[in-house]
Amino acid sequence: VRINYSRNNVDINSLSIGVAGTELDWKDYCILKHDYSAALFLRNYIPVDHAGRLALFVEMQLSGNGGQSKIHCLRDGNVVGTYSTNKGASLGVNAGGVVLLNKHFGLEASLNVLNAGFNSTSQSHNQVNSGSLKSSDFSYNIDVLSLKLGLYYYL
C-alpha cells in the first residue's frame with residue numbers, strides 16, 4: 001500500500017511584473033491546495049543472478065486520488081475566487097530493476113510502461129458560476145521521463 005498527501009500554499013501580498021509595456025499586478029493573491037492518493041500494488045521479482053542481489057520486476061498498481069483547491073485574490077476592491085475538487089483513478093504497469101545492497105536495503109529504478117486513468121474536476125467561481133471536466137487517458141509506451149530512482153528499505 002502507498003499513501004501520499006501534499007499541501008501547497010502560496011500567499012502573495014503584492015506582485016507587479018512589467019514586460020515591454022505590459023503590466024501584470026497581483027494583490028492579496030492566495031492559493032491553497034490539498035491532494036491525497038492511495039495505491040495498492042503487486043510486484044513480481046525475477047532474479048537475474050544466483051546470489052539474488054540483482055532482480056528485474058514488474059509492478060501492477062491500482063490507485064485513487066482526490067483533492068481540493070481554493071484560489072482567491074483582490075480585484076478592484078472585491079474578492080474573487082475559485083474552488084475546485086478533483087478525484088480520479090488509474091491502473092498502471094511499471095517495469096524496473098533492483099540491486100540489493102544488503103538484507104534490508106536496495107536501490108531501484110523503474111519506468112512507466114502502461115497507464116489507464118480517469119479524472120473528474122468540478123469548479124465553482126465566486127459561488128455563482130460552476131463547471132466540470134471529465135477526462136480519461138490511456139498510454140502504452142516506455143516513458144523515459146517517468147524514470148523513478150529510489151533507496152528502499154525491506155522489512
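Which strand does I46 lie in? I started my notes there and found I46 in strand β2, which covers residues 22-47. A reminder to myself: this is a predicted model.

Next I looked up how open I46 is. I46 is partly exposed, with a relative accessible area of 48%. Exposed would need over 50%, so I kept the word "partly".

I46 belongs to a nonpolar patch on the surface, together with V48, L54, L56, V99, L101, F105, L107, L151, Y153 and L155. Together these residues have about 1100 Å² of accessible area.

I took β4 and β5 to begin with. β4 spans residues 78-100 and β5 spans residues 105-125, and they pair in the antiparallel sense over 19 bridges. Looking along this pair, I found G96 opposite S110 in β5. I followed the chain from β4 to β5 and saw a hairpin that joins them through four residues.

On the next pair, I wrote down that β5 and β6 (residues 129-153) are antiparallel too, with 19 bridges. Here S124 stands opposite S130 in β6.

Last entry: what sits between β5 and β6? This hairpin has three residues between the strands. I looked at N126 there, and N126 takes a positive phi near 55°.

Note on methods. Residues numbered from 1 in each chain as written. Predicted model: local features only at pLDDT ≥ 70, side-chain atom pairs only at ≥ 80, totals over all residues. Heavy atoms only, no water. Pairing = 2+ DSSP bridges. Helix = DSSP H or I, 4+ residues; strand = E, 2+ residues; numbered from the N terminus. Patch = residues over 30% accessible without salt bridge, like charges linked within 9 Å, V, L, I, M, F, W, Y side chains within 5 Å. Areas by Shrake-Rupley, 256 points an atom, 1.4 Å probe, with all protein chains shown as cover. Salt bridge = Lys/Arg side-chain N within 4 Å of Asp/Glu carboxyl O. Buried < 20%, exposed > 50% of the residue type's maximum accessible area, 1.4 Å probe, protein only.
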